[in-house]
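Please look over the structure below before reading on. The notes that follow are grouped by topic.

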Protein chains: 2
Amino acid sequence: MDEFSFIKSIKQHTYKQASLLKGIGDDAAVFRQMSQDIVTATDMMVEDVHFSRETTSAFQVGYRALAINLSDLAAMAAKPAFYLVSVVVPSHWPTRDIQEIFNGMKQIAVNHHMDLIGGDTVSGKELCVSVTVIGYTAQHKSRYRHSARPGDIVFATGTLGDSQAGLHMLMNPGMYQDYDYFVRRHRMPAPRVSFALNLDRVSRMALNDISDGIASEASEIAGASNVSLVLKVADLPASSSYDQFTAEQRRNWQLFGGEDFELIGTVPESEWPALLQASHETNTAVTDIGYVTEQQQSSVYLLENSQYKPVKKQGYTHLKQVKSSE
Amino acid sequence: MDEFSFIKSIKQHTYKQASLLKGIGDDAAVFRQMSQDIVTATDMMVEDVHFSRETTSAFQVGYRALAINLSDLAAMAAKPAFYLVSVVVPSHWPTRDIQEIFNGMKQIAVNHHMDLIGGDTVSGKELCVSVTVIGYTAQHKSRYRHSARPGDIVFATGTLGDSQAGLHMLMNPGMYQDYDYFVRRHRMPAPRVSFALNLDRVSRMALNDISDGIASEASEIAGASNVSLVLKVADLPASSSYDQFTAEQRRNWQLFGGEDFELIGTVPESEWPALLQASHETNTAVTDIGYVTEQQQSSVYLLENSQYKPVKKQGYTHLKQVKSSE
């Protein structure tokens with residue numbers, strides 16, 4: 001299949017977004033948005049760095065590639081609208097698998113009424129999927145990292161550590177509880193879009209998604225807001241069967257594992273009830289995991305056994321270290 | 001250098017676009033555009049497919065990666081505003097070379113007052129640069145492929161075949177005229193942005209950029225407009241010392257070589273003077289290279305030695321065939 005036929009095979013026949021004027025089929029896509037702010041982010045996944053074919057199907061690669069980008073939009077409280085996809089296709093990947101990647105993206109895109117409006121396909125040695133997403137927020141309603149203030153409550157959505165637990169199960173076959181649940185959390189994370197779109201009633205909030213581990217994301221909020229964050233380690237939310245792992249595994253995966261694509265944020269104490277209401281309405285668990293203080297020597301402290309331990313900024317940096325395990 | 005330090009090193013200290021609300025430093029970038037249409041395109045370059053380190057410096061890789069995306073914006077008559085860049089970084093590429101890639105992009109970005117507003121850096125085996133660009137046009141002023149009508153004049157900007165001639169010189173060392181000129185045309189193409197932004201006075205126009213060879217681009221206009229295009233081969237514009245190559249080379253590179261990043265378009269005969277005025281004001285050569293007819297059996301015909309020859313749609317399709325030569 002040549003590039004022309006391939007593009008034809010993945011091109012949408014109809015588009016869902018009323019703001020779109022021109023989708024795939026020209027030199028560029030065109031849209032118009034006169035009342036809302038426009039939010040855009042991009043993320044890339046590379047075979048044997050971000051996923052392995054042994055543990056991830058082509059469909060899941062696509063699903064995950066778009067999901068991690070949607071998580072960035074959720075972290076801005078932006079409503080997804082469009083995505084563009086470029087793929088490096090190695091000769092040993094059959095075309096039907098590349099189409100499966102696009103099918104995986106389509107599954108999550110359809111849920112959020114997103115349109116595929118552009119892309120590029122090129123040959124190369126290793127599979128690489130580069131996704132750019134575009135979304136909308138009401139004017140001045142994007143949620144930034146720089147909005148945390150001393151006294152705020154720090155919260156996290158969902159449960160933490162599940163993605164790394166799922167990866168561990170995939171890499172170390174054995175008898176596990178809730179295997180399917182954990183593996184799905186790793187392979188097909190569910191970005192917190194609906195929760196993020198129900199936060200209008202909260203007047204001030206810092207927000208970040210948890211791609212690199214909560215300690216690292218907390219540090220980004222702290223740095224952008226010129227404050228420090230205290231995380232109560234015992235209060236980090238975990239799945240019911242998470243206690244099948246050792247204490248060290250549980251702690252490492254929750255604090256530094258990342259890839260849960262949950263949200264971490266801060267709100268004034270007075271707005272906690274409003275946050276809980278969004279939690280209730282979207283069936284999204286929200287847990288109080290700490291608080292914001294004036295800026296200290298370290299940007300993040302772990303409160304464990306009544307002791308405050310400073311955390312160095314860490315987490316995955318793919319540029320520095322290729323993860324051979326995933 | 002870890003990813004955090006690297007991002008810091010390439011982050012702009014100030015932004016030029018007034019429509020930008022948030023640049024690099026959060027989960028996504030945010031901008032607002034209430035009066036113009038928004039145009040977006042994405043393109044990817046892979047080492048040893050789109051360029052070779054033997055013939056292209058890191059700076060030129062970056063310059064070219066953004067230039068080919070700007071060419072897509074020019075083909076829509078859109079004013080460049082933003083770019084996002086994701087890079088796969090192999091371990092054998094030193095960080096200073098990656099920074100040089102960004103410096104190359106910056107050089108052409110500064111000329112067009114563009115801001116770098118997002119990106120991703122990941123490890124991998126082969127260097128890959130994925131660029132997404134965002135630009136603006138006045139409402140309903142994007143130039144599409146579907147606007148050609150029978151009777152229109154077909155035009156091309158600049159000269160054709162130069163990029164492939166430059167590549168030939170790089171791959172086949174020898175004595176050549178205007179070596180630097182041709183090699184520069186290959187390594188650092190100049191997208192026709194200023195010309196494209198001066199076309200307001202032309203009321204109807206089909207427009208495409210020449211990335212895949214003019215025969216292929218003509219076919220795209222023909223297909224989108226339900227017409228056929230006739231290209232007068234003898235009239236294709238060439239550089240003054242282009243005749244140092246064989247007749248076969250000249251013809252092949254002009255018709256099928258691509259990567260000149262010139263523009264091909266069609267205008268009603270009555271608007272030819274307006275087109276020439278844009279040509280004059282922006283110092284951009286424009287040549288009448290053919291005409292549009294009612295839809296025929298073939299979408300494109302070459303008029304050579306008074307004969308009409310149908311052309312099959314062809315040109316580079318990177319998905320189908322890796323170019324080992326470039």
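How many residues does helix 7 of chain A have, and how far does helix 7 reach from its first C-alpha to its last? In this predicted model, helix 7 of chain A runs over residues 214-225, which makes 12 residues, and spans 16 Å. That is close to the 16 Å expected at 1.5 Å a residue.

- Helix 7 of chain A is largely enclosed by the rest of the structure, because 10 of its 12 residues are buried.
- The buried residues include Ile214(A), Ala215(A), Ile221(A) and Ala222(A); Glu217(A), Glu220(A) and Ser225(A) are also among them.
- After helix 7 of chain A comes Asn226(A), with a positive phi near 55 degrees.

**Relation of the two chains**

**Helices 2 and 3 of chain B**
- The axes of helix 2 (residues 58-75) and helix 3 (residues 95-111) of chain B come within 6 Å and cross at roughly 40 degrees.
- These two helices of chain B are therefore oblique to each other.
- The crossing of helix 2 of chain B past helix 3 of chain B is right-handed.
- Residues of helix 2 of chain B that meet helix 3 of chain B include Phe59(B), Tyr63(B), Leu66(B) and Leu70(B).
- On the helix 3 side in chain B, the residues met include Ile101(B), Phe102(B), Met105(B) and Ile108(B).

Terms used:
Residues are numbered from 1 along each chain as its sequence is written. Chains are lettered from A and ligands numbered from 1 in the order in which they are written. This is a predicted model: local features need pLDDT of at least 70, side-chain atom pairs count only at pLDDT 80 or more; totals for chains, interfaces and linings use all residues. Helices (H or I, at least four residues) and strands (E, at least two) are DSSP runs, numbered from the N terminus. The expected span of a helix is 1.5 Å times one less than its number of residues. A residue is buried if 20 or more other C-beta atoms lie within 10 Å of its own, exposed if 12 or fewer, and partly exposed in between; C-beta atoms are placed from the backbone. Axes are lines fitted to C-alpha atoms, for helices over the stretch in contact, and angles run from 0 to 180 degrees between N-to-C directions. Angles under 35 degrees count as roughly parallel, over 145 as roughly antiparallel, 65 to 115 as roughly perpendicular and the rest as oblique. A crossing is left-handed if the near helix is turned anticlockwise from the far one by less than a right angle, and right-handed if clockwise. Two residues are in contact if their C-beta atoms, placed from the backbone, lie within 7 Å.
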